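Please keep the sequence and the model open while you read this note. The points below move from a strand to its sheet, then to a pair of helices and a single residue.

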Amino acid sequence: MTQSIPGFDYQRVAVADGVELNVAVGGSGSPVVLLHGFPETHLMWRHVAEDLAADHTVICPDLRGYGDSDKPAETGPDVYSKRTMAADTVAVARALGHERFALAGHDRGALVAFRAGMEHPDAVTHLACLDVLPTLDMWEALRGVQAAVGFHLYLMAQPPGLAEQMIQNSSDAFFSYFLDIWTKDPEAIPPAVRQVYLDASRNAVPSIVADYRASAGIDIEHDRDDRAAGRKLTMPLSVLQQDWGAALGYEAAALWGAWAEDLDHSTVSCGHFMAEEAPETIAKALRALIAR
């Protein structure tokens, strides 16, 4: 990839046997880890990361299977489970000298962040999740014809083979569709950045599908186990979302409230790619969260 976050240093960080992540690091101060969503890379945080770097050490990895990070083969359901990717996140922070850190994730990255908060409360001091529901709630909310908005979730939930072939054969059209339909401000993702996302996604189809496949299987199991045990997020949690509930018939704040002891939920008036469409709003919200 030719695009980078200005002023940030790049390095590869080992997180597991044979797996290294591409990580951008900038600024100084208390650490904040930012996890990107689909179909993007760490570059989606460029504006927010530069803002936060004035007061914080900001760490922006490409998730395993995405961007310039390693893309291990899907030899089993654990390889791309959010539990595994959450462990990657903690490993990155520790490799950089941080045992405790604030964590924010968008979309897929928010699911990883949620799992990190559930399983590593000793490491995650503050948590922010942007424009998602927890995996179990997401599947329960999708029903009837309204579920068509999440057609890609069902496509990539299929056994290995067909989805990968279909997407690879029309990868730019497939990934461009989401960049177009989920964006209210097209100028928020300029052509050079858009090309980075398309190139990165085209080169990661099997691992991206594996990530989504995990969310239709093992990730649900982990959420169900937590729900049955009554486990909750114990750190301050901020959730920023579009008003998907109005269209799909659920109350997002209530769903998130069942998982959190300390929740601040708000609706943001922008498209799905809110860190790019409303970076000042997101940076302000993250600063307010860390101050709690």
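**Notes on the predicted model**

1. Strand β6 (residues 124-130) is mostly covered, since seven of its seven residues are buried, where buried means under 20% relative accessible area, exposed over 50% and partly exposed in between, with a 1.4 Å probe and protein chains only. Helices (H or I, at least four residues) and strands (E, at least two) are DSSP runs, numbered from the N terminus.

2. On the basis of the note: this is a predicted model, in which local features need pLDDT of at least 70 and side-chain atom pairs count only at pLDDT 80 or more, while totals for chains, interfaces and linings use all residues. Residues are numbered from 1 along each chain as its sequence is written, and side-chain values use heavy atoms, with hydrogens and water left out.

3. Strand β6 runs parallel to β5 (residues 101-106), and six bridges join the two; two strands pair if DSSP finds at least two bridges between them. Within this pairing, Ala-104 stands opposite Ala-128 in β6. Strand β3 (residues 30-35) is likewise parallel to β4, with four bridges, and Val-32 stands opposite Val-58 in β4.

4. What is the order of the eight strands in the open sheet? The order is β1-β2-β4-β3-β5-β6-β7-β8, and the pairing is mixed. The edge strands, each pairing on one side only, are β1 (9-16) and β8 (263-267), and the twist averages 20° from one strand to the next.

5. Helix α14 (residues 279-290) packs on this sheet and touches β3, β4, β5, β6 and β7 (237-241), its direction making about 150° with that of β6. Contact means heavy atoms within 4.5 Å; axes are lines fitted to C-alpha atoms, for helices over the stretch in contact, and angles run from 0 to 180 degrees between N-to-C directions.

6. Helices α3 (residues 108-119) and α10 (residues 218-229) pack with their axes 12 Å apart, at an angle of about 40°. That angle makes α3 oblique to α10, because angles under 35 degrees count as roughly parallel, over 145 as roughly antiparallel, 65 to 115 as roughly perpendicular and the rest as oblique. The contact is made by Phe-114, Arg-115 and Met-118 of α3 together with His-222, Asp-223 and Asp-226 of α10.

7. Is Val-79 buried or exposed? At 14% relative accessibility, Val-79 counts as buried, and it is found in the loop between β4 (56-61) and α2 (82-95). Leaving aside residues up to four places away in sequence, Val-79 touches Arg-64, Pro-72, Ala-73, Glu-74 and Thr-84.
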